[in-house]
Amino acid sequence: MRHTESDLRALLDERGHHPAGGEPSVSLDAIVRRGRRIHRGRRVRRALGAGGALAAAVTLVFTLPVIRQEAPPASMTAGPPADMAEVVRAPELPATYQVKLGAKEFAMPRIHAEQFSTVGVHRTVTFTPVSRSTGFTVVCADPRAWVVTITDTRSGEPSGTSGRCGKGGGPHHDELSAPADWLKRPQTLEVWVFPSDAPISKVMKSTVGCEPRGCDEDDQAGALSRPEVLERLSAEVGEQPGGWAVGVYDAPRKE
């Protein structure tokens, strides 16, 4: 049951005197003012309590992205998603590509370049050659990363290179190896880059076979030319942080 302020005043006026008929021991107005202060105080405490809960919720929202970015144990995932990966920049690409064909030696300028911040997945680089002499170079933040490059050839069979990134070099076309339509349309270069500790031997054992005592680096590099090894290895390591860049070099078109 609820009472109004006038009910309270009447009740206090009736019973607020001493039995001897004297004045009230406490002023009626003082009691009413005190009741109002208590009521306001309770409302303020309730409001502060609600505000505190809201502040805690906001803090939790802002904290969650930081927790999500912490790297989980390797046994739980192959690597963080690409959009959360820490950016690792690749070294600078050389400005020219040195070519030596017998007694002939020259430098080709760079005509196209692309940079990437993750490894473990397949990339396609599209470019427009300006001659039949075209070379490619891949540089990596980790020089011991594994690199595979694949491009079309005149025979119709894809060809390329595989090995450690820091050893330099890359495929190179000339008048004899470039496809017949090399200058008639944009061309592509397929590139795979894997971390230096990629489990190539493990993947080899389940696909193309491996010596009981293990496979040396030459065997592993050779196995990376096999599509089934590339696909299985990519699934094994997943996409993870790793900076690298690829450059396309070409000789100026002869008039």
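## Aromatic pairs

Are Phe-116 and Trp-244 buried or exposed? In this predicted model, both Phe-116 and Trp-244 are buried.

The structure holds five aromatic pairs. In one of them, Tyr-97 and Tyr-249 place their ring centres 5.8 Å apart with the planes at 40 degrees, so the pair is tilted. Because Tyr-97 belongs to strand E1 (residues 96-101) and Tyr-249 to strand E8 (residues 240-250), this pair ties together parts that are 152 residues apart in sequence. Tyr-97 counts as buried at 10% relative accessibility, and Tyr-249 is likewise buried, with a relative accessible area of 0%.

The aromatic pair of Phe-116 and Trp-244 is stacked, with 4.5 Å from centre to centre and 25 degrees between the planes. Since Phe-116 lies in strand E2 (residues 104-119) and Trp-244 in strand E8, the pair ties together parts that are 128 residues apart in sequence. Elsewhere, ring pairs link Phe-127, Phe-136 and Trp-182 into a cluster.

## Disulfide links

Two disulfides are found in a search of the whole structure, and with the bonded cysteines numbered in sequence order the pairing is 1-2, 3-4. The sulfur atoms of Cys-140 and Cys-165 lie 2.1 Å apart, and this link is right-handed, with 90 degrees about the S-S bond. Cys-140 lies in strand E4 (residues 134-140) and Cys-165 in the loop between strand E6 (159-164) and strand E7 (187-194), so the pair ties together parts that are 25 residues apart in sequence. Cys-140 is buried, at 7% relative accessible area, and Cys-165 is buried, also at 7%.

A disulfide also joins Cys-210 to Cys-215, with an S to S distance of 1.9 Å. Here Cys-210 is partly exposed, with a relative accessible area of 22%, whereas Cys-215 is buried, with 11%.

Methods. Residues are numbered from 1 along each chain as its sequence is written. This is a predicted model: local features need pLDDT of at least 70, side-chain atom pairs count only at pLDDT 80 or more; totals for chains, interfaces and linings use all residues. Side-chain values use heavy atoms; hydrogens and water are left out. Rings of Phe, Tyr and Trp (its six-membered ring) pair if their centres lie within 6.5 Å; planes under 30 degrees apart count as stacked, over 60 as edge-to-face and the rest as tilted. Helices (H or I, at least four residues) and strands (E, at least two) are DSSP runs, numbered from the N terminus. Buried means under 20% relative accessible area, exposed over 50%, partly exposed in between (1.4 Å probe, protein chains only). A disulfide is a pair of cysteine sulfur atoms within 2.5 Å.
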